[in-house]
Amino acid sequence: MIARRRLAGLAVVVPALAAAVLAPPSPARAGDGLEPYAPLLVELPGWKAGKLGGLAMQEGGNRIVVAQRGYERGEIHVSVQLLAGAPAQSRLAAGGTGMRTEASHGPASTTTIDGFKVTRTFQDSDKSGTILIALGPSAALSLAFKGLDEEEALATAKGFDWKAMRAAVK
């Protein structure tokens, strides 16, 4: 009898939870959307910046932010994402261990720069790679680039205010 009551209760609770998770965010739940993050993905000198895109939503105590912007300089492309919540956590989990490792997409290394954990990959053949800056346990700045050497890519990443980003996604 108790088992049937629990099953009956689950039959009501599970669909309600699924509906809440799958429902599109209403303007009230979405808050200010991407607007608070727009000033953080700055215009970089010498680069043509694309439009800000992505999503920002909050459901209960969970916040998800994926603010993204592309940058071009001739044939060189950089894609920048400011991430918070589950998207950041999954990227950070795949980030690195603090050791230099070799993977199919090239070497990966993790270091600390200005107090931030930074994981970098780079493939010399086409001058492409990624830089992932951990802004907190569930927040990150990610840059994917093609056509830059490793040091210029890091200099480009430093064109963003990491401390301001950390404060904005806290």
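A word on the labels: helices (H or I, at least four residues) and strands (E, at least two) are DSSP runs, numbered from the N terminus. This is a predicted model, in which local features need pLDDT of at least 70 and side-chain atom pairs count only at pLDDT 80 or more, while totals for chains, interfaces and linings use all residues. Residues are numbered from 1 along each chain as its sequence is written, and side-chain values use heavy atoms, with hydrogens and water left out.

First, the overall picture. The chain has five helices and nine strands, and their order along the sequence is α-α-β-β-β-β-α-β-β-β-β-β-α-α. Of its 170 residues, 33% are buried, where buried means under 20% relative accessible area, exposed means over 50%, and partly exposed is in between (1.4 Å probe, protein chains only). The accessible surface is about 10,000 Å², and carbon and sulfur atoms account for 59% of that; the areas come from the Shrake-Rupley method with a 1.4 Å probe, and for residues only the protein chains shown count as cover. A contact means heavy atoms within 4.5 Å. Among contacts between residues at least 6 apart in sequence, 45% join residues at least 24 apart.

Now the loops. Lys127 lies between E7 and strand E8 (128-136). Lys127 is not a glycine, yet its phi is positive, about 50 degrees. Is Lys127 exposed, partly exposed or buried? At 38% relative accessibility, Lys127 is partly exposed. Asp114 sits in the loop between strand E6 (106-113) and strand E7 (116-123), and has a positive phi near 50 degrees, again in a residue other than glycine. Asp114 is exposed, with a relative accessible area of 59%.

Next, a hairpin. Strands E2 (residues 53-59) and E3 (residues 62-73) pair in the antiparallel sense over seven bridges; two strands pair if DSSP finds at least two bridges between them. There are two residues between these strands, and Gly60 takes a positive phi near 65 degrees. Gln58, in E2, stands opposite Arg63 in E3. Gln58 is partly exposed at 39% relative accessibility. The C-alpha atom of Gln58 is 9.4 Å from that of Gly33, 25 residues apart along the chain.

On to helix H4 (residues 150-157). Ala153, Leu154, Thr156 and Ala157 are buried there. They lie on the same side of H4, because they cover an arc of only 155 degrees around the axis, the arc being that of the directions from the helix axis to the C-beta atoms. In general, an α-helix has 3.6 residues a turn, so residues three or four places apart point the same way.

Last, the core. A nonpolar core is a set of buried Ala, Val, Leu, Ile, Met, Phe, Trp, Tyr and Cys residues joined through side-chain atoms within 4.5 Å. Which residues have the most contacts inside the largest one? They are Ile133, Leu135, Phe160 and Trp162, in a core of 35 residues. Elements that each supply at least two residues include E3, E7, E8 and H4. Strand E4 gives the largest share, five residues. Not counting residues up to four places away in sequence, Leu135 touches several residues, among them Leu82, Phe116, Trp162 and Met165. A second, separate core has seven residues, including Ala88, Leu132, Ala134 and Ala140.
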